[in-house]
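Visitor: I am new to this structure. Could you show me how to read it, one feature at a time?

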2 protein chains.
Amino acid sequence: MIIETHIKQFSSPLYLESGRILEPYQIAYETYGTINSDKSNVILLCHALSGSHHASGTYDGETKAGWWNGLIGDGKAIDTSKFFIISTNVIGSCFGSTSPMSEQYPSSEPYRLKFPVVTIKDMVHAQIQLLSDLGIYHLKAIIGGSMGGMQALQFAVDYPNIADEIISLASTYATRPWTIGFNKVAVEAIRKDPRFMNGHYEKDAFIENGLDGLALGRIAGHISYLSPDSMDNKFGRNYVAKDGLFELFGRYEVERYMEYNTNNFSKIFDPLSYLYIVKAINTFNLTRGYDSLYQAILRIKSKVHLISFDSDYLFFPKEMEHIHNMMKRNGQYSTYINIDSNYGHDAFLVELEKFDYIIKNILED
Amino acid sequence: MIIETHIKQFSSPLYLESGRILEPYQIAYETYGTINSDKSNVILLCHALSGSHHASGTYDGETKAGWWNGLIGDGKAIDTSKFFIISTNVIGSCFGSTSPMSEQYPSSEPYRLKFPVVTIKDMVHAQIQLLSDLGIYHLKAIIGGSMGGMQALQFAVDYPNIADEIISLASTYATRPWTIGFNKVAVEAIRKDPRFMNGHYEKDAFIENGLDGLALGRIAGHISYLSPDSMDNKFGRNYVAKDGLFELFGRYEVERYMEYNTNNFSKIFDPLSYLYIVKAINTFNLTRGYDSLYQAILRIKSKVHLISFDSDYLFFPKEMEHIHNMMKRNGQYSTYINIDSNYGHDAFLVELEKFDYIIKNILED
């Protein structure tokens, strides 16, 4: 499946939760499958912190498939022969939507640290504008994992009539200090990296060598995406063959993995975008804007499906279960399953065979 | 209790596990209580990564008590009216024992990165030399938590006849990649900090402003020392009053805590020492030097007492339980208790009332 990215530009302003205005703005997105005549087969897909709108297929001339390619396609769990999937890039991301490195109208200078803080609520609000511009006023389902799952839940609360089904994986109702702590490593490491220059770096400055600060932050990130047991299985106490056990900087396999992956990531992800998206995750709280979590949840009219992973050390299963229990008590429609896995948080990106049938059943029931 | 630090200098070399030699070397230590005539009341205390030999009492003119002051004293769990406690500073530490900032004989220049890698086995070996020099050939008990608990277990394996009782808290039989991952943040952050200058910084260079790299590494450390629930209790989602929710660098309480504590730590702890001690933790593996973990454990003759904490996210309870089960199967004497706590790894330094009676019972039985 060869995929193209679309860019939707909006001329009307986006009113942000902070009271600030983003204008003009744009959203990058992709679509998979074909929309039917009554537009009743539309699914919205929301991505996680390090993801993008590129969820499925490959770009012309490239080989790397989208982040949920195993789940999306002809006959797959999210069946492109039946559904029309819109996968959008969040506001603030460096992959095509308006971001801190976008020009701050009316100047041609990037916003950098003058970019307004955006929240999960704002990301969702922007996607509502996109749907509206595409003439889509109702969705079959909204699906997302991690930060994508936050967006799915925020849609459910803020726009109770928008979707029949909400599927949220490996997510939460409000980000806990544990996760804010992990993010803090990235925030401080980026800010303190001299090459970050308080946001005044050249565009593409890090393509060749990456940015140490972002790479450092990602080491903490990778810990939280895995689990103690998955690391045992993946790395054990294996030592990098050429490194000596008694060399101070000799490395265990887990250390090489961290170095390699985080350095690569810092070459492709913009550090300002990272700071802003992490801020959106930190400030995520379904309660904000309502009297209580109970009042927020009570607004939901969609069927909500919550999927957690046993060994998720970033967003713990009990956080999803809390939403489920609240909805059940209210007599709202909710299903919850905790998947047996030792892969950690990243299971939602990796162990697709453990939950693809659940998603298929929800969508095709 | 006013305490003084002693320094013991050794003229004979310390043969290290790496094959390298440390010469000359010295160990800083403190003692509490009075040794009896037959030297049968001696307890050895081993400290953790960020600790020192200053476990109890206060120095003349200071107010801050040692790290286990609540546990050590007249009538306390480790009763100074009954026992003579020797608390030593590990080789590599910046608090008085020979370290990377010590002069490399015969020059007067510090070792810096030429300091040999030291292991938990080496730390224990050095303490054996100290005991020997003090004319002490048998101990009532060896006690330690975290890295101190590693030392206690390494004593049990390497020197089966040295102690009657081994008490190891919040520790493990071998460091897992999960923990090595957390340590990796510190290793990379220190190395990449320009002010670290590959170890060629001036002595006391960081007393005033600290070292960002070490502070960054400690943020990851603090995450691993707490737990998701303890962070909920300690910080919740509280925001620092003067910071705005929609300011990019506005902070949650958990973020302020991380900033404050880690920056302070980086003013008092030497970054080279940190790198070497972290290396000792990473390379800790009771199996090394023996055919298998089973063969290593089988050597133990002391009574071993293992105490874990339910919510320890650094060294998980099952790691201690694994040792206990192995010893039980072998018919060796071992007790194991998993303390109900949501404080995380740091419980061994904080929730003393949850296990002080256990230690008292072991020592006075």
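Guide: Gladly! Please keep in mind that this is a predicted model. Let's start with a pair of helices: in chain A, Phe182(A), Val185(A), Ala186(A), Ala189(A), Ile190(A) and Lys192(A) of H3(A) meet a set of residues in H4(A), among them Leu214(A), Gly217(A), Ala220(A) and Ser224(A).

Visitor: How do I describe the way two helices pack?

Guide: Two packed helices are described by the angle and the distance between their axes. Here, the axes of H3 (residues 177–192) and H4 (residues 212–225) of chain A come within 7 Å and cross at roughly 170 degrees. Angles over 145 degrees count as roughly antiparallel, so that is how H3(A) runs relative to H4(A).

Visitor: What about the two chains? How are the copies related?

Guide: In general, two copies of a chain are related by a rotation about an axis and a shift along it. In this model, chain B is superposed on chain A by a rotation of 180 degrees with 0.0 Å of shift along the axis, at an RMSD of 0.0 Å. The copies are therefore related as by a two-fold rotation axis. In chain B, Ala220(B) has the C-alpha nearest that axis, 3.3 Å from it.

Terms used
Residues are numbered from 1 along each chain as its sequence is written. Chains are lettered from A and ligands numbered from 1 in the order in which they are written. This is a predicted model: local features need pLDDT of at least 70, side-chain atom pairs count only at pLDDT 80 or more; totals for chains, interfaces and linings use all residues. Copies are superposed by least squares on the C-alpha atoms of residues with pLDDT of at least 70 in both. Axes are lines fitted to C-alpha atoms, for helices over the stretch in contact, and angles run from 0 to 180 degrees between N-to-C directions. Helices (H or I, at least four residues) and strands (E, at least two) are DSSP runs, numbered from the N terminus. Angles under 35 degrees count as roughly parallel, over 145 as roughly antiparallel, 65 to 115 as roughly perpendicular and the rest as oblique. Two residues are in contact if their C-beta atoms, placed from the backbone, lie within 7 Å.
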